[in-house]
Amino acid sequence: MVEAAWVISGVPGPLRAFFMRIRDKRGKHVAAVATARKLAVIVWHMLTKDEEAARRS
């Protein structure tokens, strides 16, 4: 997940904005772990909320 967070840090979007905000306050390594955790929570919600219908369209 942390490797995915490093990739996200270079792609425009809300997760990059989150990464940049944390990076400026706490440093790049802490920001990568925080972004990885946020990404894991997003994936968990998608899996537990049965997002099957959204995947079909």
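## Terms and model

A residue is called buried under 20% relative accessible area, exposed over 50% and partly exposed in between (1.4 Å probe, protein chains only). Helices here are DSSP runs (H or I, at least four residues), numbered from the N terminus.

This is a predicted model, in which local features need pLDDT of at least 70, side-chain atom pairs count only at pLDDT 80 or more, and totals for chains, interfaces and linings use all residues. Residues are numbered from 1 along each chain as its sequence is written, and side-chain values use heavy atoms, with hydrogens and water left out.

## Helix α3

Let's begin with the buried residues of α3, which are Ala31, Ala32, Thr35, Ala36 and Leu39. They sit on the same side of α3, because their arc around the axis (taken from the directions from the helix axis to the C-beta atoms) is only 135 degrees. Arg37 and Trp44, on the other side of α3, are exposed. The cover over the buried residues of α3 includes α1 and α2.

Just after α3 comes Asp50, with a positive phi of about 55 degrees.

## Helix α2

In α2, the buried residues are Phe18, Phe19 and Ile22. Their arc is only 100 degrees around the axis, so they lie on the same side of α2. These buried residues pack against α1 (2–8) and α3, where contact means heavy atoms within 4.5 Å.

Gly27 follows α2 and has a positive phi, near 115 degrees.

## Where they meet

Residues of α2 including Leu15 and Arg26 meet residues of α3, among them Lys28 and Ile42.

Terms used
Helices (H or I, at least four residues) and strands (E, at least two) are DSSP runs, numbered from the N terminus.
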